[in-house]
Amino acid sequence: MNTLKVAGKFLDQPMLVAKFHNAVPALLSAAGGVYVIKETKDAPAGKRRKTAIRTGTTMAFTIGSALAAPKITDKLFRNSDDTLKSIKQIKKQSTKLVEKFLNKNQVDDGTKKLLNKAKEKVLKFKEIKTLYKIFERDYEGQKLLNDLIPAPENIGSKEIFSEIGRLSVFGLIPVIGGIAGGITGDRLTTRRWKSRVPDKIKEGTYQYLANIFLCNIGAGAALAIMEKCNIKSKAARAYGMIAGILMTGVIGGSAIANLIGSKIINPMFEKGHNIKHRHEHLFTERKPEPLDIGLHTDDIATVAVMSGLKWIEPALPIMYSISGYRAGIGYRNNTTAHPSGEGSGRGVKEKTLRR
């Protein structure tokens, strides 16, 4: 077994996935707390209290909704994921599998020691590699390892579109939570909170369409095409889905989100105001930037989830929280918005016209 496959098996150990799943709430909350402290410290002296309230509220809503998202989506889609088994259940199942194997098969002391460790502990990378090498030509041993660490399933386009629906709802929840938190934080700290709502909705639309929803659609469409072409290779399917993500998310998603922002959301909130927009093209409203491209790592994670890899799913609340928070502060990259309230989130020209 090559190093990449061993790494996949190492990361997909049910015990490791369960421990990571249990650690995510604490990790995400700690990271959010550190960020709030940093933003408060970096704000001007006279605005630190407001910054703490606004940033803290936005972050709390975002993280809370991101952590609730898995349970909400599982209820909506009636899923019962094996990764949600408790550590106690995993230990019980692993012990049963190992003992059944050892009762029927003779192995050396070193192998027996590794298998006994697998009952209740996470195996190291080298230990996983050693076991797969030992059982390379042993059918019963291979079966045991595949039972202990289930192989990813090659699901079809019908199942994957159901998974796309689940992941799209999963990603929507933190974005809505971020917007709600941002509006609440503004209401607690400024009388001009209503003027900041449009940018939160526009940024939320951008984050969701460009960085989440349309990327999922692109992955699913690419998989459907590959299925029609009878492409079975998991690597080829993964690369194809990534290509679909990049085309629909980075290029198409940004354009569609900006079009909705400039043609629908702006007029909706600017009714009665004589504002002239001077956007030369769609990406003047909101252009993709390095962090947006970086956010597509959650789409690569989506490909992994769709491909049956279990270890990445617990990380999705962390990844989607970034989109949720940026929606909450109404981030627009043609200005210098700051959680302290400096900068409305609009372009400088438009802000001048408002005055």
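Which residues does Lys 200 touch, not counting residues up to four places away in sequence? In this predicted model, Lys 200 touches Ile 179, Gly 182, Ile 183, Asp 186, Ala 327, Gly 328, Ile 329 and Gly 330, where contact means heavy atoms within 4.5 Å. Lys 200 lies in helix α9 (residues 197-228), and with a relative accessible area of 3% it is buried; buried means under 20% relative accessible area, exposed over 50%, and partly exposed in between (1.4 Å probe, protein chains only).

The model is predicted, with local features needing pLDDT of at least 70 and side-chain atom pairs counted only at pLDDT 80 or more, whereas totals for chains, interfaces and linings use all residues. Residues are numbered from 1 along each chain as its sequence is written, and side-chain values use heavy atoms, with hydrogens and water left out.

The secondary structure of the protein comes to 15 helices and zero strands, where helices (H or I, at least four residues) and strands (E, at least two) are DSSP runs numbered from the N terminus. Of the 355 residues in the protein, 45% are buried. Among contacts between residues at least 6 apart in sequence, 77% join residues at least 24 apart.

The 13 residues of α14, at 1.5 Å a residue, should span 18 Å, and its end C-alpha atoms are 18 Å apart, which agrees; the expected span is 1.5 Å times one less than the number of residues. Leu 316, placed in α14, counts as buried at 0% relative accessibility, and its C-alpha atom is separated by 8.6 Å from that of Phe 170, 146 residues apart along the chain. Just after α14, Gly 330 takes a positive phi of about 65°.

A pair of aromatic rings is described by the distance of the centres and the angle of the planes. The structure holds five aromatic pairs, the criterion being that rings of Phe, Tyr and Trp (its six-membered ring) pair if their centres lie within 6.5 Å, with planes under 30 degrees apart counted as stacked, over 60 as edge-to-face and the rest as tilted. One of the pairs, formed by Tyr 35 and Tyr 325, is edge-to-face, at 5.3 Å centre to centre and 80° between the planes. Tyr 35 counts as partly exposed at 30% relative accessibility, whereas Tyr 325, at 7%, counts as buried. The rings of Tyr 208 and Phe 213 have their centres 5.8 Å apart and their planes at 20°, so this pair is stacked; Tyr 208 is buried, with a relative accessible area of 14%, and Phe 213 is partly exposed, at 29%.

Helix α2 also packs against another helix: the axes of α2 and α4 (residues 87-104) come within 10 Å and cross at roughly 175°. The two helices are therefore roughly antiparallel to each other. The contact is made by Pro 14, Met 15, Ala 18, Lys 19 and Asn 22 of α2 and by Ile 87, Ile 90 and Lys 91 of α4. Axes are lines fitted to C-alpha atoms, for helices over the stretch in contact, and angles run from 0 to 180 degrees between N-to-C directions; those under 35 degrees count as roughly parallel, over 145 as roughly antiparallel, 65 to 115 as roughly perpendicular and the rest as oblique.
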